[in-house]
Each structure stands twice: as structure tokens, then as C-alpha cells.
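Reader: Please walk me through this model. Keep it brisk.

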Amino acid sequence: MLKLTLSQPPGLHQDQKRKKKKKKPKKKKIQQTDPPRVGLSKIFTNGVYPEGEIQPYRDESVIFPASWSNLSKQLRSNTWRVTSEEKRYDEKLAMEDPEITYQNIRRAAEVHRQVRQCARKFIRPGLSMTEIAEYIEDGTRSLVEENGLDAGVGFPTGLSLNNCAAHYTPNAGDTTILQQGDVLKVDFGVHVKGRILDSAFTLNFGPTYDKLVEAVQAATNTGVKEAGIDMRLGELAGYIQETMESYEVEVDGKVLPVKPIDNLSGHSINLYQIHGGKSVLLVKNEDQTKMEEGEYFAIETFGSTGRGRVVENGECSHYAKIMDAPRVPLRLTTAKSLLKSITSNFGTLPFCRRYLDRAGESKYLLALNHLVQQGIVQNYPPLCDAKGAMTAQNIQYYYGQQ
């Protein structure tokens with residue numbers, strides 16, 4: 001039997017064979033590193049950043065308790081601001097470059113979120129306060145792509161321990177080490193074009209003070225939920241207080257009530273100004289000041305197992321040039337030079353002594369104290385409750401819009 005083989009003419013196979021085009025490899029999506037060092041513009045190349053939590057205004061159909069005043073019902077029924085096209089249009093016109101401003105805030109918020117996530121994993125007993133502060137600040141500067149007064153750290157990294165509630169960051173030479181039984185408040189900020197994002201959380205490394213940490217988280221969540229345009233600040237404080245005081249902590253068999261710290265507060269935030277002039281206290285009061293459209297607030301709560309009141313105590317680290325500071329003659333040449341450095345490096349953003357060291361300043365304490373005495377720079381010493389008390393802090397950022 002013959003086997004017939006059909007062969008192709010020479011060269012035909014090569015002509016018919018098509019060369020396969022090599023597929024271009026897909027660009028890998030850039031991921032954040034740990035420690036965080038990738039600038040956000042490399043991850044969000046379109047310049048649009050993720051939205052945070054959005055709280056809707058209360059529905060007017062809600063049935064309110066009979067004991068509530070008509071004013072309270074009116075203040076908590078704000079859905080008309082969402083449904084009224086005319087009102088939304090008016091409010092948009094009143095805002096300052098709303099979309100650009102909002103993206104700046106989102107960018108700062110995303111920097112904070114990513115650095116915060118890494119910091120939670122990094123922070124552990126045995127680290128020094130300086131190591132923790134530098135980890136957070138180096139990450140913040142990298143992600144926000146620090147650029148003079150256009151973008152950078154919003155204020156010094158607060159690392160207040162135990163009975164110290166606020167305004168502590170290590171100065172040069174501080175050797176404090178985080179211990180297993182400590183309660184650590186981590187408070188840091190990011191700014192973009194002067195829009196300061198302020199947020200904080202508390203870490204503990206054992207179960208004893210879990211309820212204290214839970215109390216400030218719940219109180220802050222209540223503050224954010226109840227906040228809204230036309231909300232009176234004194235009334236908002238009452239909701240925060242009620243939530244905070246519903247918690248207690250058991251320490252060595254003794255039950256301790258969680259108290260809101262009555263001389264600390266949340267606050268409005270202005271452009272390049274961390275304390276904008278309005279305060280959200282943590283206990284109910286008669287303040288009739290209202291939250292307004294387009295305002296930014298740090299809804300900030302502090303709880304304590306102690307007396308619920310703080311005093312200044314310890315070496316100062318936090319400072320800020322006062323907005324509209326008086327023009328006064330400075331008798332110290334070193335004070336003039338230092339003021340020039342503060343103005344060029346920080347403007348009215350808060351700074352600490354480590355930041356002055358980083359800017360190349362040295363032997364500046366006398367000049368710095370002189371600027372404080374002349375009312376040009378404000379000092380912010382550590383704020384502490386009674387020795388033996390434990391304090392916790394929680395902050396969420398609030399932006400009121402239609």
C-alpha cells in the first residue's frame with residue numbers, strides 16, 4: 001500500500017506563518033510599601049482620592065421623643081439641605097473652590113489612613129517615643145510628597161502616655177520607652193494647601209483598659225453622627241457626654257466610671273490654623289454657636305478614669321506662631337532670626353522642637369521663650385490628669401456640606 005504525502009512548496013510555510021505579536025506586559029499597579037514611602041500621586045494618578053464616611057442628614061419623618069424641644073427637632077431634621085436644589089446651588093457658590101478644596105482634604109485623609117494602618121502594626125512595647133514619632137512623620141512626609149508650606153506634616157505627632165492626655169511629643173534626647181501596661185494616644189496630622197486633616201486613636205496592650213478605648217471611640221462616633229449644619233455646639237457636647245459616661249472600667253477589682261475630660265474639646269479647623277475658633281466641649285453646656293456649611297471640625301473626645309480634668313505638666317514640645325500675631329520690637333537678634341525661620345518653615349502650622357532641629361536651628365530655647373513671652377508664638381505644654389489615672393483619645397474629621 002502506497003502512502004501519499006502532500007508536501008508544501010519550499011517557503012510557503014514561512015509565508016503563511018504569521019508572527020505572533022508579543023503582548024505588552026500590563027503595568028503593575030503600584031502598591032504602598034511598609035514602611036510607607038510611595039507618594040500618593042504615584043498610586044492615584046488621576047488625582048481623585050477615596051471618599052471617607054458619609055453621614056446622611058436625619059430624615060424629617062423620624063419620630064422624636066415627646067420630651068424634645070421644637071428647636072432640637074428642627075436642628076436634627078436637616079434633609080431639606082439635600083433635597084433643595086436651590087439651597088445646594090447657593091451653598092456651592094458660597095464655598096471656596098469646592099472641588100479642589102475637597103480633593104486636597106481627601107488627599108490628606110488618604111495619607112493619614114495609609115500611615116495610620118502601618119503605624120498600628122509597627123507600634124509595640126519596647127520602642128522609644130522618638131522611633132514611633134519618626135516612623136509616622138517620615139511616612140507622612142513621603143506619602144503627601146512634602147513640599148514646603150504646600151503639603152506636609154500638619155502638626156507634631158502626639159504620643160501622650162497614660163495620665164497625659166495631649167500635647168506630648170519627644171524632644172531631642174528623650175529616652176522614654178513604650179511599656180506593656182501603657183495607654184498611648186497617637187495624634188498626628190497631614191495638610192495639603194493648608195487644609196489640615198486631624199485624626200487620632202488610642203492603643204493599649206492588654207485588656208484592662210479596653211472599655212476606656214471603646215468609650216472614646218463610641219463618643220466620637222456619636223459626635224460625628226449627631227453633627228450637622230445648624231447643630232448647636234453645646235447640645236452636641238451633651239450627646240458626646242451621654243455616650244462617654246455610659247462606660248466604666250474595672251481595674252484590680254474596682255469599677256471606675258469613664259469621665260469626659262471637661263476642659264478639653266474638639267475644634268473647628270481653618271486654613272493653616274489647627275484651632276479655628278469654635279470648640280466642641282465634651283460636657284453639655286449653653287453654647288448656642290452653630291456648625292455652619294463648609295466648616296471643618298475635629299470631633300475629638302478624651303476619656304479618663306481620673307478626675308476628668310487636665311492641667312499643664314511637663315517639658316513643653318508643641319508651639320505655633322499665633323495667627324495675626326502682634327508686631328512688636330524684638331530685642332534679641334536670635335529671636336528675630338528664629339521667627340524668620342519659623343515663618344518660612346511652618347507659617348502658622350504647629351511645630352515642635354524636633355522640627356526646629358530638623359530645620360537646622362540650634363541653641364534656640366532662649367529665643368523661642370522670648371517669642372512666647374512677646375505673644376508671637378503660643379506654647380502648648382503637655383496636658384495631664386491626676387497621676388495614676390488613664391486617659392484615652394479619639395478624633396474623627398468632620399466636614400459639613402450639602
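Some questions and answers on a helix, a few strands and a loop residue follow.

Author: This is a predicted model, where local features need pLDDT of at least 70, side-chain atom pairs count only at pLDDT 80 or more, and totals for chains, interfaces and linings use all residues. Residues are numbered from 1 along each chain as its sequence is written, and side-chain values use heavy atoms, with hydrogens and water left out.

Reader: How far apart are the end C-alpha atoms of helix 8?

Author: Helices (H or I, at least four residues) and strands (E, at least two) are DSSP runs, numbered from the N terminus. The expected span of a helix is 1.5 Å times one less than its number of residues. Helix 8 covers residues 210-226, so its 17 residues should span 24 Å. The end C-alpha atoms agree, at 24 Å.

Reader: Which elements do the buried residues of helix 8 pack against?

Author: Buried means under 20% relative accessible area, exposed over 50%, partly exposed in between (1.4 Å probe, protein chains only). The buried residues of helix 8 include L212, V213 and E226. They pack against strand 4, helix 9, strand 5, strand 10 and strand 16.

Reader: In strand 9, what is the bridge partner of S265?

Author: Two strands pair if DSSP finds at least two bridges between them. Strand 8 and strand 9 run antiparallel, joined by three bridges. The partner of S265 is L281.

Reader: Is P125 buried or partly exposed?

Author: P125 lies in the loop between helix 6 and helix 7. Its relative accessibility is 30%, so P125 counts as partly exposed.

Note on methods
Contact means heavy atoms within 4.5 Å.
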